[in-house]
Amino acid sequence: MKILVTTSDKYSFLLEPYCELFNRYWPGQEIIFLGFNISKSPKLPDNCSFVSLGNQKDFGSSWTDPLIPYIDGLESDYFIVTVEDMMLTDYVDVERMKLLEDEVRTGKAHKAILDTHLNIHAEEYKPNILKLKQEAPYRTTLHPCIWRKEYFKKYLNPNFTAWDFEIKNMKQSQSDEATIISLSGDKETNLF
C-alpha cells in the first residue's frame, strides 16, 4: 500500500526524521513525499521517493490544487494519506493494520482512521473495529488514514487548504453515507 505524505517547502526539513522514525517503526513500506522544490528535500532512503507537484508559488495557499492531478493519475484504488508532521512514535501492529486495510481494499469501508481520536463518535462495526457515526465531526480528518481513491477525490475541491479540506467538507461528509472505520480502543491501540 502506498503511503502518500504531503509536505511543503517550508517543512521539508521534517522529511529526514520522518523517514528515520517510519523505517524504525514500520520498515519496508513505500513512502512517497508529495511536495514542491526537490532541492529542499534531504537524501531519502531507498524506500522513499519525492514527487514534485510543481512550483509551490503557483498554487498560493491551495493544498488541493497540486494534489488533484497527482491523485487522478494514481493507479492505486486505496492508499494512506498523511502530512509530514504526523510521525510514527511506536511500532505499527501489522496484524491490526491489516484488519483496517482489508476493509478498505475490499470496498467495505471508504476510509480507515489509523488513530483513535474520533472513537468517541463511533459505534461497534466488527470485532476490534468501530464505525464512525454519520453525524460525527471531522470525517474528512487528515490524521493518518487509509482512503479509497474515489472517496478521497470526492473531497479534493479546488483551491482548498488542508484546513479547508477538513472543515469545509465536514457538513457534506456527515451525510455521505460512507463507512469510516477505526480500531476499537484508546491511544494504546493507535497505529500512528
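Biologist: Which residue does R24 form a salt bridge with?

Modeller: With E20, the closest N and O atoms being 3.1 Å apart. A salt bridge here is a side-chain nitrogen of Lys or Arg within 4 Å of a carboxyl oxygen of Asp or Glu. The general idea is that side chains of opposite charge can pair when their charged atoms come close. Before going on, a word on the source: this is a predicted model, where local features need pLDDT of at least 70, side-chain atom pairs count only at pLDDT 80 or more, and totals for chains, interfaces and linings use all residues. Residues are numbered from 1 along each chain as its sequence is written, and side-chain values use heavy atoms, with hydrogens and water left out.

Biologist: Why are R24 and E20 separated by about one helical turn?

Modeller: Because they are four residues apart in helix 1. Helices are DSSP runs of H or I with at least four residues, strands are E runs of at least two, and both are numbered from the N terminus. Another pair of this kind is D102 and R105, whose salt bridge is 3.3 Å, N to O. Those two are three residues apart in helix 3 (residues 94-105), so again about one helical turn separates them.

Biologist: How many salt bridges are there by this rule?

Modeller: The count comes to nine. One of them joins D176 to R139, with the closest N and O atoms 3.1 Å apart. This pair links distant parts of the chain, 37 residues apart: D176 sits in the loop between helix 6 (170-173) and strand 9 (180-183), and R139 in the loop between strand 7 (129-132) and strand 8 (145-148).

Biologist: Is R139 buried or exposed?

Modeller: At 0%, R139 is buried. D176 is buried too, at 15%. R24, by contrast, is partly exposed at 38%.

Biologist: What about K149, which is buried yet has no salt bridge: how far away is the nearest side chain of opposite charge?

Modeller: That side chain is E150, and it is 5.2 Å away. For charge, Lys and Arg count as positive and Asp and Glu as negative, while His and the chain ends are not counted. A polar atom of the K149 side chain does lie 3.3 Å from the backbone oxygen of D72. K149 itself belongs to helix 4 (residues 149-154).

Biologist: Now helix 3. Which of its residues are buried?

Modeller: R96, M97, L100, E101, E103 and V104. Looking down the axis of helix 3, they fall within an arc of 160 degrees, so they line one face; the arc is that of the directions from the helix axis to the C-beta atoms. On the other side, V94 and E95 are exposed.

Biologist: What covers the buried residues of helix 3?

Modeller: The cover includes strand 4, strand 5 (111-113), strand 6 (122-126), strand 7, strand 8 and strand 9. Contact here means heavy atoms within 4.5 Å.

Biologist: And which residue caps the N-terminal end of helix 3?

Modeller: D93 does, with a side-chain oxygen 3.2 Å from the backbone nitrogen of E95. Just after helix 3, G107 takes a positive phi of about 85 degrees.

Methods: Buried means under 20% relative accessible area, exposed over 50%, partly exposed in between (1.4 Å probe, protein chains only). A polar contact is a pair of N or O atoms within 3.5 Å; within protein, one must be able to donate a hydrogen and the other to accept it, and residues adjacent in sequence count only if both atoms are side-chain atoms.
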